Amino acid sequence: MFSNKDSFKECFLKRLESMCGKGFEESTTRDKYHTLGNMVREYISSKWIETNERYRSESQKQVYYLSIEFLLGRLLGQNLLNLQIKDIVEEGLKELNISLSEIEECESDPALGNGGLGRLAACFLDSLATLNLPGHGYGIRYKHGLFDQKIVDGYQVELPEQWLRHGNVWEVRKPDESVEISFWGRVEASTHNGGLTFKHVDAQKVLAVPYDMPVVGFEVSTVNTLRLWNAEPETFSPHQDILSYKRETEAITDFLYPDDTYDEGKILRLKQQYFLVSASIQSIIASFKKERSNLRELHQHVAIHINDTHPAMAVPELMRILIDVEGLSWDEAWEVTSQTVSYTNHTILAEALEKWPIHLFKPLLPRIYMIIEEINERFCAELWAKYPGDWHRIEHMAIIAHGLVKMAHLAIVGSSSINGVAKIHSNILKNREMKSFYEFYPWKFNNKTNGISHRRWLLKANPELTALIKNTIGEEWVRSPEKLIDLKNHLHQSSLIEQFAAVKRKRKEILANKIAEKNGIIVDLDSIFDVQVKRLHAYKRQLLNVLHIMYLYNRLKEDVNYTIQPRTFIFGAKASPTYYYAKKIIKLIHSLAEKVNKDPRVSKVIKVVFMENYRVSLAEGIFPAADVSEQISTASKEASGTGNMKFMMNGALTVGTLDGANIEMMEEIGKENIFTFGLTANDVLKYEENGRYRSMEYYHHDQRIRQVVDQLTNGFFSEDEGEFESIADSLLVQNDQYFVLRDFASYIDVQEKVGLAYQDRNDWYEKALINISHSGLFSSDRTISQYADDIWKISPSYVKG
Ligand code: 26V
């Protein structure tokens, strides 16, 4: 049906009628989306079946990537591209007077993740399939993904996300592979053959029903699986109150939680985590047992990766199944488990490390808690043997302490590998945050610098730039992104620079039209598109960006002769619903936008735009249009960042701190092709240790700082004077935990350099092309190859013949 456009058209029209019961003329865009989606899924299914058969017959080692989030983005366009049928479909539809991009817009954008961690998981799936690696995702089929953001009078309002409202053409429900999950109840011990055995009794049981989604590799025949679990009540459950049982059960997979600490201790979140882990481990064991019987060899055939600590209960759950169900001894089970599991840490923010109160944990998961206690006791005994008498160290490293279960400690003790996501982050883990664990298990620690899928963030998001690169250096880089470096040989050609300028302008125009439509703001295409899009967090310092804009506004107002390169400041960010500070910053950006955009003179030079409901599909329109990428976290706080890489790949220049992967980007492209500023991670960590930072001194000594900070509370924004007092307090009363005022001067300086640099447009675009040419290193194909070789020990599976 996709062999040429005529057969496609014929098939499409027939299918449209049979699926929707309507003629072509009556059919809606959604009908067309559904028809095309179903055709594509059908086309995928034979490859999918073949891939699974190939994996079975080759009995290759498999990796299972457990993640509480998979932030996939829309799939139709990516699947068409990966299957190499996009052109046929696009041309066929065109002849029917249908635009493919309009159809694509019909697909809901599954927001099954918060940000970096979830999107990384999605890029990893793409790379696993493309590299023909036997690797599959396990996650949760949330009925509602991350909330939809509406802005009302400058304030964020959250609405439930509804990605399943019109169904999901990509998923296949597999009720036969459902598994039971047990909560509550108690543990009964009995003696059996002279040993103790344990049974979880009186439990409340819940059904985990798998929905499989195909993960299509790019221009290969491999189709891997993302299995998302849905919680459903058991049919024959003898419950007195069937309605509340049903409600409680379905609640488990109703919502994705926003990542904040303010709802810490939510039992539903703990339920979600165990639900994911137990269902996935049971499913992994079941497929292992189809081919083999000796579970003592599990680690030779299976690797289980836990994406942050959310799935850390994979360790005790695997122990439980091996011991209670499969009859292995503790030592045998421990050997297998700790050789099978590996763990990635994604943040060093202490407040983001998961700890569960025992009083919540133990009643909900009595057997799992018991196993964690045993792991803890054995671990503490090992510590005692190595550090006799060092109570302090043991208390600090224990998995259970002070009424809490520390999930990161559980993950470290139960895994064979622990990695950070950028060099600096891995070093901070080793030398500071997890120092004592590094000393105890030095061989477990390693780095895997993050990456992004160039297929989504370049080929799909920026077809114009893709075409230009292909015309310039051919197509090899598409399969081997490190070959993008060949672009460097063409930099002397003024035609390349000119063509790149044209591509950038085209993409700026597309974004400008969207901004005009959504925000009613007309922006100048000759202005610098200066973009900060990411979750709203104090450590990411959207506030520093805001203070810089306020400073520019002041300069422009005070001095009619002050001229700058025109700029359009673009923001996109969701704030966690209970994160008060973050929501205030969103309001502040809107108040600033109001002030700047309404000023007849200032608005000729600068504009401020907040794009509502930032998500993958919106991001695909933003990265290609950016000139400047704001990566301005307090050094040491951003584990890696991945947006930084997406901007780089689309030819934006970075304004950034020496944090996360920014450092490795700088090492690649050279200092002259990035704008760095601010404290280093060491500076920050020293300040944090010696407590010598006084934000008030910077306030008093720098008039520019005083002016902008005062404007937060002196009625400058002409509203309620108390509105932004909490932000001013964070800077002065609370001594500016994220060093915004400390880095202010340095940031202003570097931004001035950016403005000047943009005036030499040739030189600017040359720098942009240098950024693109080095971006291959940050492809998730490189990252995944490293995981495959160093951690998982899996190799590609190829179709024979
Ligand atoms: C959770 C919380 C909870 C409380 C307040 C602060 C806070 C901050 C972050 C998080 C989420 C942590 C997990 C996460 O998304 N980390 C991101 O992972 C990306 C992929 O490795 C990485 O590029 C980002 O730097 C990192 O923040």
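Ala 401 stands opposite Leu 404 of β15. Strands are DSSP E runs of at least two residues, helices are H or I runs of at least four, and both are numbered from the N terminus.

A word on the model itself: it is predicted, so local features need pLDDT of at least 70 and side-chain atom pairs count only at pLDDT 80 or more, while totals for chains, interfaces and linings use all residues. Residue numbers start from 1 along each chain as its sequence is written.

Now for the helix pairs. Two packed helices are described by the angle between their axes and the distance between the axes. Axes are lines fitted to C-alpha atoms, for helices over the stretch in contact, with angles from 0 to 180 degrees between N-to-C directions. For α1 (residues 5-20) and α2 (residues 29-58), the angle is about 115 degrees and the axes are 9 Å apart. α1 and α2 are therefore roughly perpendicular (65 to 115 degrees; under 35 is roughly parallel, over 145 roughly antiparallel, and the rest oblique). Their crossing is right-handed, meaning that the near helix is turned clockwise from the far one by less than a right angle, anticlockwise being left-handed. On the α1 side, the contact includes Cys 11, Phe 12 and Arg 15, and on the α2 side Asp 31, Lys 32 and His 34. Contact requires C-beta atoms, placed from the backbone, within 7 Å.

The axes of α10 (residues 314-325) and α11 (residues 330-340) come within 9 Å and cross at roughly 140 degrees, which makes α10 oblique to α11. This crossing, too, is right-handed. Val 315, Leu 318, Met 319, Leu 322 and Ile 323 of α10 meet α11 residues including Trp 330 and Trp 334. The contact of α10 with α11 has 9 nonpolar residues, 2 polar and no charged (Ala, Val, Leu, Ile, Met, Phe, Trp, Tyr, Cys and Pro count as nonpolar, Asp, Glu, Lys and Arg as charged, and the others, Gly among them, as polar).

At the domain level, the protein splits into domain 1 (59-74 + 109-450 + 785-792) and domain 2 (454-770), with bounds from an automatic or database domain assignment. Their C-alpha centres lie 35 Å apart.

Definitions and conventions. Two residues are in contact if their C-beta atoms, placed from the backbone, lie within 7 Å. Two strands pair if DSSP finds at least two bridges between them.
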